[in-house]
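Work through the following exercises with the sequence and the coordinates at hand. Each task is followed by a solution in steps.

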Amino acid sequence: MYYGIFAALMVFTGLTIGVAFINLGALNFPVAISIAIIKATLVILFFMHVWYSSQLTKLIIGTGLFFLMVLFVLTMSDYISRGWSTYPAGAGQSTRQSESAR
Amino acid sequence: MTTPLLPREHYLNIRYGILSWLLTKDHKRIALLYLISVTAFFFLGGFFAVLIRLELATPAGDMVSSDTYNKLFTMHGVIMVFFFLIPSIPAVLGNFLIPMMIGAKDLAFPRLNLLSWYIYMLGGTFTMWAVIVGGVDTGWTFYTPYSTAASNTNVVATGLGVFITGFSSILTGLNFIVTIHRMRAPGLTWFRLPLFVWAHYATSLIFILGTPVIAITVLLLAVERGLHIGIFDPALGGDPVLFQHLFWFYSHPAVYIMVLPSMGVVSEVVACFSRKNIFGYSFVAFSSLAIAVFGFLVWAHHMFVAGMSVYAAMIFSFLSYAVAIPSAVKVFNWTATLYKGSISWQAPLLFVFGFLGLFTIGGMTGLFLAALAIDVHVHDTYFIVAHFHYIMVGGAIMGYMAGLHFWWPKITGRMYPEGWAKFSALVIFIGFNLTFFPQFVLGYLGMPRRYHAYPEEFQVLNVMSSAGASILAVGYVIPMVYFLWSLRYGRAAGPNPWGATGLEWTTQSPPLTENFPMTPVVTEGAYEYSKREMRVV
Amino acid sequence: MWSSLPLFPEQASTLAHQVDNLYFFLVALTAFFSTLIAVLVVVFAVKYRRTHAAQVGAPITGSVPLELMWSIIPFGIAMVIFAWSANVYFNMARPPDESMEIYAVGKRWMWKFQHIGGRREINELHVPIGRPVKVTMTSEDVIHDLYLPNFRVKADVIPGRYSTIWFEATKRGEYHLFCAEYCGTKHSAMIGRVVVMEPTEYQAWLSGGGGEMSLAARGERMFQELACHTCHLPDASGRGPSLQGLFGSQVKLADGRTVTADEGYVRESILNPQAKLVAGYQPLMPTFQGLVNEEALMGLIEYVKSLPPAAGAPTGTAPQPATPQGERKPQ
Amino acid sequence: MPAPPGAVHVHDAHAHHPALQHQFETMGQQLESATLGMWLFLVTEIMFFGGLFMAYLLYRVWYPVAWAEGSLELDILLGGVNTVVLIGSSLTMALAVRAAQTGFPRATVNYLLVTMALGLTFLVIKGFEYAHKFETGHVPGPNFHFEGPHAQQVEIFLSLYFAMTGLHAVHMVIGFGLLSVIAWMAYRRRFSPEWYAPVEMAGLYWHFVDIVWIFLFPLLYLVDRAHHFV
């Protein structure tokens with residue numbers, strides 16, 4: 001089974017390199033990240049035996065990832081909304097739209 | 001009641017010699033190693049605080065130079081936060097008590113436990129070295145770009161000291177979580193655990209999840225300063241505010257690292273000295289977890305004027321109110337526990353009364369700071385200084401003192417002098433309020449923190465504060481003296497001088513190396529005082 | 001004695017009483033809850049004190065209704081505070097459209113202010129009564145923080161970007177001006193005073209500077225000296241985009257994004273021209289980092305703000321009528 | 001609940017396994033504690049790298065063009081080879097754990113040696129990449145040199161590149177040291193199907209380091225490469 005997982009990981013590595021040379025516009029980043037997440041999941045579940053592990057182990061990994069997301073999402077909530085207008089709806093509408101278009 | 005005698009063999013006298021301490025794997029001996037080191041750091045940090053207050057007794061910066069003053073408050077902060085408050089209760093009382101409270105022979109990883117003390121000492125050595133060769137002047141917050149580009153003091157050494165010490169916290173937290181999950185005695189279900197253990201479980205979660213972030217942040221800071229790698233450098237287009245986000249992601253939850261264990265102590269002491277079940281056990285237990293989790297969602301309320309987005313500020317303000325609720329729930333539950341209790345006015349309970357009053361004020365003033373509009377005015381003023389001292393000194397240290405007194409008979413086998421202890425509780429309470437209450441007023445008047453010299457109209461309040469600080473200092477020296485005195489002259493305590501429930505009181509004081517002669521079996525909840533026939537042994 | 005024991009700062013701006021009302025509410029709340037807890041603790045501790053050694057407490061383990069009560073009521077109170085404070089905060093974050101502008105630069109360890117009319121001052125800030133004032137600030141070195149306690153406003157002053165505060169003074173007098181973000185050796189000496197004057201006095205003071213050029217005029221001179229005008233022609237025929245009516249408009253960038261031309265954008269485009277390259281132009285412009293300091297940059301920005309839209313909108317920019325960003329005043 | 005109901009005493013209470021430490025009751029309890037501790041440690045590692053990924057995320061959102069320019073400076077061939085090498089080493093590590101678990105000490109040693117060799121290969125290749133950066137002056141700091149309109153932001157990119165890959169390389173070195181000890185212990189026949197916890201723990205660590213690279217490779221080498229010259 002380990003060899004099968006290894007083969008899958010190799011396929012995904014090839015895929016991610018290949019995709020990097022194709023211009024998908026805004027999609028390149030999500031695609032690269034998704035492939036990396038799939039690869040990491042394979043390693044965690046099978047090489048690291050989490051598939052067969054206790055609920056507690058899964059809970060701990062989940063907790064770690066949850067707080068990692070908290071760090072990312074709440075920090076970015078600041079940066080993404082920095083340019084947003086503080087003016088009431090109407091006056092600053094155009095500014096807000098242009099920001100969300102970024 | 002016959003006078004108890006000290007047991008013939010216990011963890012303190014089973015082996016002698018310096019190596020038997022430096023190489024010990026016994027959690028109780030490691031706790032004592034920590035006790036000695038954090039006490040040393042406490043008095044060092046306190047010494048800096050006294051110098052700060054002396055300087056501020058007059059408006060002009062006349063006692064020390066402004067560079068020296070800046071170093072004084074920085075080192076006061078760094079030492080108190082990273083080397084005293086964070087390790088104090090977990091590494092001393094937690095280390096000593098968690099295995100005993102859950103009926104285990106030791107923590108899950110005794111060698112790791114010893115290692116974490118050595119790491120702590122190594123980090124402390126780095127920091128002390130930085131202090132000795134000239135100090136550091138960035139403030140304990142190390143804000144960039146001051147710390148990376150402008151300061152010409154020993155930022156890298158101090159940063160590495162904090163970085164290293166972080167691993168000590170991580171290992172302690174890891175050890176506690178594994179121990180609480182895997183080492184509980186037969187019959188000790190989660191909801192029979194003492195609340196002290198719940199509090200430490202929540203604290204350990206913060207250790208595990210938060211500490212690595214400060215570690216990498218301080219490391220990046222040191223690398224940026226030392227090797228000119230630019231991550232927060234505004235000259236390159238980097239954002240110094242990112243440093244603040246990463247810093248507070250840990251350093252706000254770190255406040256809960258300080259106060260949660262203290263809350264654990266309060267739960268034990270209140271239940272014991274009112275001989276009553278804790279009111280709303282599961283609410284108190286889960287509020288610890290809620291504080292730990294919500295504590296991670298509120299960090300940017302330290303940054304409301306730091307150039308953050310208005311909308312993000314609102315999110316963080318809202319979440320900050322969410323974390324206030326579990327703290328309020330705890331205070332109400334402790335108060336309700338006293339209702340129809342059998343209340344014995346012993347020193348640990350007096351310290352807890354102090355905790356309740358001071359923590360309530362500290363917590364309520366937290367609402368001022370979470371309120372965006374008021375925070376804009378009082379941010380970086382003495383209002384903030386007063387607020388966090390009410391939480392950290394009035395909350396965390398009061399709880400630590402309560403815990404030290406409560407378990408001192410268990411740790412040493414001897415009683416401390418009760419009268420002196422009550423006296424010191426009173427002195428600390430009065431000195432504390434006199435020191436820090438005027439600072440609320442000063443802060444709202446607009447006196448900024450970290451000021452070496454200040455306008456003359458602030459002097460009266462500053463003099464009050466400095467006078468209070470001298471009383472407070474005496475209040476902390478008294479226990480130091482009588483604790484040392486009691487080591488030799490204290491009356492032997494017996495296994496359970498308070499008539500407390502809890503597994504740690506079922507074994508002799510001081511305990512055996514492996515705590516219990518045989519693994520205990522638990523059949524009831526943690527605080528079944530009212531079912532017991534009281535017999536003090 | 002008591003005259004030297006101040007308890008409350010003077011209210012000298014329109015925001016002050018908004019902040020203070022909330023403050024008084026919270027003080028009352030704190031007093032109520034602290035007293036409540038203190039009284040309960042003392043009463044219980046006295047009333048239920050242990051009278052004989054074997055006495056135990058009553059077998060009470062908790063009450064869910066009580067728990068719910070003391071979770072929900074505090075939460076409700078907290079939400080009231082949140083909504084109230086967020087509302088005041090929003091007022092603080094939003095300068096009125098007709099605000100008068102002042103530029104400030106923080107530098108270890110002094111504050112430098114520039115008035116639009118050209119007067120410059122150090123560690124002193126003169127403002128008129130009854131007129132909203134918006135201070136646009138940046139730092140030349142580390143993070144500072146401009147704090148005007150009697151106006152209840154403060155904001156960090158951050159190198160590399162602009163932050164703003166605004167206030168409308170209501171009372172004549174001199175007030176404290178502090179640096180509230182620790183910035184090194186003389187942090188506590190980075191202080192000054194705000195002088196609030198009657199509008200007529202202020203006008204007199206403004207013109208008493210000895211015939212300095214206006215900020216925009218200084219910016220224009222800089223614009224010539226640095227030869228910016230050789231590329232940024234007014235009619236979009238130059239190698240650089242026209243700056244006429246640029247300020248406050250939407251700019252289309254070469255990478256497809258659109259940004260608002262605010263102070264930060266103009267500043268970045270001078271120091272780091274290729275960071276936001278305008279669509280249709282070549283990356284030819286050199287950086288002016290090191291050639292212009294923060295004060296000169298503010299002059300350039302004020303000059304760019306002063307340029308009226310050219311007839312026939314220039315490429316890439318669509319001037320925005322009545323945009324709140326363009327708080328240009330007819331001064 | 002010292003041990004879950006399933007893990008009843010494998011051994012007679014009087015015949016303790018020599019590797020059973022005094023604070024535990026059973027080998028099952030000991031192994032579970034070790035596993036739990038290791039996972040908690042890995043969670044701290046996630047958060048440790050998390051701070052760096054946060055910085056990466058912010059500046060990538062701010063400076064996408066500089067990010068594309070920066071990633072073009074990195075050698076996709078060497079990075080790709082290293083990815084294959086590291087995933088390969090994860091495979092051999094997993095095989096080593098299984099060999100230890102099923103009681104094949106010689107295979108354990110061999111797999112561990114292959115893993116170490118692959119790890120060393122990774123570090124050597126990484127060393128060549130770093131050396132190249134030093135030659136071209138692409139190392140952040142006073143001597144940083146980069147031709148291009150976004151030199152400053154590219155310096156941030158390369159700062160993060162060095163910070164992230166450097167921290168990863170440090171973890172590799174530590175892992176290498178760890179595996180050397182484990183391999184020596186395996187060579188001395190210290191492990192058995194009843195007690196192979198150290199092999200498993202080292203394996204978890206090694207896989208974690210692999211996972212970090214799985215993210216670093218696309219984020220640093222590949223991202224936005226395609227639409228640099230739009």
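What percentage of the 230 residues of chain D count as buried? The model is predicted, so to speak of local features pLDDT must be at least 70 and side-chain atom pairs count only at pLDDT 80 or more, while totals for chains, interfaces and linings use all residues. Residues are numbered from 1 along each chain as its sequence is written, and chains are lettered from A and ligands numbered from 1 in the order in which they are written.

**Exercise 1: chain D**

Solution. A residue is buried if 20 or more other C-beta atoms, placed from the backbone, lie within 10 Å of its own, exposed if 12 or fewer, and partly exposed in between. By that count, 54% of the 230 residues of chain D are buried. Next, list the elements: chain D has six helices and zero strands. Helices are DSSP runs of H or I with at least four residues, strands runs of E with at least two, numbered from the N terminus. The C-alpha trace of chain D spans about 75 × 35 × 30 Å along its principal axes.

**Exercise 2: the side of chain B that touches chain D**

Task. Find which element of chain B gives the most residues to this side.

Solution. Two residues are in contact if their C-beta atoms, placed from the backbone, lie within 7 Å. On this basis 35 residues of chain B are in contact with 33 residues of chain D. The elements of chain B that give two or more residues to this side are α6 (155-182), α7 (195-227) and α8 (240-274). Of these, α7(B) gives the most, with ten residues. Finally, sort the chain B side by class: 24 nonpolar, six polar and five charged. Here Ala, Val, Leu, Ile, Met, Phe, Trp, Tyr, Cys and Pro are nonpolar, Asp, Glu, Lys and Arg charged, and the others, Gly among them, polar.

**Exercise 3: a helix pair in chain B**

Task. Describe how α14 (418-445) and α15 (459-489) of chain B pack.

Solution. The angle is about 155°, with the axes 7 Å apart. Therefore α14(B) is roughly antiparallel to α15(B) (under 35 degrees is roughly parallel, over 145 roughly antiparallel, 65 to 115 roughly perpendicular, the rest oblique). The contact of α14(B) with α15(B) has 22 nonpolar, eight polar and no charged residues.

Definitions and conventions
Axes fitted to C-alpha atoms, helices over the stretch in contact; angles between N-to-C directions.
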